[in-house]
Amino acid sequence: LPEPVLITFTGIESADVNQSTFTCSFWNFSAAGGHWSSQDVSTRDSGVNAVCNSTHLTSFAVLVAVDTVATDKVLEYFTYIGCGISLLALLATIVC
């Protein structure tokens with residue numbers, strides 16, 4: 001295209017929009033098997049909207065990556081305890 005086209009994706013919902021990274025991408029069919037590519041596409045983040053600037057029109061999507069994941073120590077301990085109990089129950093099932 002002679003001039004870039006702006007494509008706006010509105011209402012993007014994420015667990016935490018402030019810690020998420022939006023990337024405009026398109027499906028590149030020319031590669032072996034195809035893959036998501038952001039070549040010749042720029043992304044502008046404006047809160048819950050992602051604005052893609054592109055010089056071609058193909059199948060676009062916004063890929064969302066969460067940068068950080070908060071962990072709760074109490075839930076982590078419950079997970080270990082639950083896995084231990086499950087392992088003991090599995091061993092008891094096999095032995096008995």
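Helices are DSSP runs of H or I with at least four residues, strands are DSSP runs of E with at least two, and both are numbered from the N terminus. The structure described here is a predicted model, in which local features need pLDDT of at least 70, side-chain atom pairs count only at pLDDT 80 or more, and totals for chains, interfaces and linings use all residues. Residues are numbered from 1 along each chain as its sequence is written, and side-chain values use heavy atoms, with hydrogens and water left out.

Helix α1 spans residues 73–95 and contains I85. With a relative accessible area of 54%, I85 is exposed (exposed means over 50%, buried under 20% and partly exposed in between, with a 1.4 Å probe and protein chains only). Together with V74, L75, Y77, F78, Y80 and I81, I85 makes a nonpolar surface patch of about 800 Å². Such patches consist of residues with over 30% relative accessible area and no salt bridge, nonpolar side chains (Val, Leu, Ile, Met, Phe, Trp, Tyr) being joined within 5 Å and like charges within 9 Å. A salt bridge is a side-chain nitrogen of Lys or Arg within 4 Å of a carboxyl oxygen of Asp or Glu.

When a disulfide is defined as a pair of cysteine sulfur atoms within 2.5 Å, the count comes to 1. The bond is formed by C24 and C52, with sulfur atoms 1.8 Å apart. The pair links distant parts of the chain, 28 residues apart, since C24 belongs to strand β2 (residues 20–28) and C52 to strand β5 (residues 49–54). Both C24 and C52 are buried. The torsion about their S-S bond is about -80°, so the disulfide is left-handed.

Strand β5 also holds S54, which counts as buried at 1% relative accessibility. The S54 side chain reaches the backbone oxygen of H56 at 2.9 Å. Leaving aside residues up to four places away in sequence, S54 touches P4, V5, D40, V41 and F60, contact meaning heavy atoms within 4.5 Å. The C-alpha atoms of S54 and I7 are separated by 8.0 Å, the two residues being 47 residues apart along the chain.

Notes
Areas by Shrake-Rupley, 256 points an atom, 1.4 Å probe, with all protein chains shown as cover. Polar contact = N/O pair within 3.5 Å; in protein donor to acceptor, adjacent residues only side chain to side chain.
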